Amino acid sequence: MAIGNFRKKLLKYGKKLLTETNCFLRLPKVRHLQSLLLVHDFYSYPHIAAHHELILLRRGRMTLQLPGESECQAGIGDLMVLRAGQLHADIFDKRNPLEQFFIHFDWDETAAAEFFRVVNPQLCSRLPPHLKMEIATQLHSLEGGLLTDFSSDLVAARLFLVLMLIYQYAAVKTEPSRVALHHRHLIHAAENYILANLHLDLTLDHIAAYLQVSKFHLSRVFKKHTGNTLHNYLTAMRMQRAEELLNEGRLHIAGIAAATGFNDVEYFGRVFKKYFKRSPVGKPEHGRKPVTLPPG
């Protein structure tokens, strides 16, 4: 597709969606992309996506297994989108190698939450033929652009267009009911409350009381629509904020722990190490070298 036509299409879908949702206010950041031939069973074992993943199946057939959810059958030309941290397994016949073109990308947390609330792997594998062809064309152009002078912004913009195409189809296909709209509002309110109060010792009881709903209802709705527990989401947001504060280098470990809702520094260190597989390194005190917390 010519660059001029690509820009027209990007503007067409972008203007429409920007008036309907805040999902696409920022471009995704492409971390890695390549075409990969799977010939061994490593990917058949449950593993976690470190980044969001967009997968185009170019050869073979597979079953995408998602613990706690229904399986997704995929063939040549089918697409799958996975959220970062989602446990999954790629099951295929080892006698018939599987070829995938995949993109690993990061995205603003608010944008990702809205996108994956509407889009799921099962829906992506059932996209209509004309939409699959359009997306495959964009991905082919994106892959080919890496061999030319395409900038990282243009690569991100092509991925942005693909995600918009998927989101628009999913939003129309699912047309949320009144109950679904209530659930979406509830989840969005819970996420906003958590992000605004990471410095507090938040619990499920506190969040539910603020939203004036049963903690059991809140927990059930959040898990159903996000695939994650509220506790895990709270921990993830705290750890991401802690990592940001560590990188800024302005606070000691105790200050970072307090700023992310932990009253116990040692407990903060254990949670951080479990989440990042390493100990936190804080700002040096009085000219000393940075130190790490002891294993907990």
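Tutor: Let us begin with a pair of residues in a sheet: threonine 63 has glutamine 73, in strand S5, as its bridge partner. The model is predicted, so local features are reported only at pLDDT of at least 70 and side-chain atom pairs only at pLDDT 80 or more, whereas totals for chains, interfaces and linings use all residues. Residues are numbered from 1 along each chain as its sequence is written, and side-chain values use heavy atoms, with hydrogens and water left out.

Strand S4 (residues 62–65) and S5 pair in the antiparallel sense over 3 bridges. Strands here are DSSP runs of E with at least two residues, helices are runs of H or I with at least four, and both are numbered from the N terminus. Two strands count as paired if DSSP finds at least two bridges between them. In general, the strands of a sheet pair through backbone hydrogen bonds, either parallel or antiparallel.

S4 and S5 belong to an open sheet of 4 strands, in the order S2-S7-S4-S5, with antiparallel pairing. Strand S2 (47–48) and strand S5 (72–74) stand at its edges with a single partner strand each, so one side of each has no neighbour in the sheet.

Another antiparallel pairing involves strand S3 (residues 52–59), which is joined to S6 by 4 bridges. Within that pairing, isoleucine 55 stands opposite methionine 80 in S6. Along strand S6 (residues 79–82), Leu79 and Val81 point one way while Met80 and Leu82 point the other way, and all are buried. Buried means under 20% relative accessible area, exposed means over 50%, and partly exposed lies in between (1.4 Å probe, protein chains only).

From the strands we may turn to charged side chains. The structure has 12 salt bridges, where a salt bridge is a side-chain nitrogen of Lys or Arg within 4 Å of a carboxyl oxygen of Asp or Glu. One of them joins aspartate 108 to arginine 26 (3.3 Å, N to O). Aspartate 108 lies in the loop between strand S8 (98–106) and helix H2 (109–118), and arginine 26 in the loop between helix H1 (3–18) and strand S1 (29–38), so the pair ties together parts that are 82 residues apart in sequence. Aspartate 108 is partly exposed at 27%, whereas arginine 26 is exposed at 54%.

In another salt bridge, the closest N and O atoms of glutamate 114 and arginine 184 are 3.7 Å apart. Because glutamate 114 lies in helix H2 and arginine 184 in helix H6 (residues 178–196), this pair links parts that are 70 residues apart in sequence. Glutamate 114 is buried, at 9% relative accessible area, and arginine 184 is partly exposed, at 25%. Both belong to a network of salt bridges that links Glu114, Arg117, Arg184 and Glu191.

Aromatic rings complete the picture. There are 11 aromatic pairs; rings of Phe, Tyr and Trp (its six-membered ring) pair if their centres lie within 6.5 Å, and planes under 30 degrees apart count as stacked, over 60 as edge-to-face and the rest as tilted. The rings of phenylalanine 115 and phenylalanine 116 have centres 5.1 Å apart and planes at 85 degrees, so their pair is edge-to-face. Both residues are buried. Elsewhere, Phe262, Tyr267, Phe268, Phe272, Tyr275 and Phe276 form one aromatic cluster.
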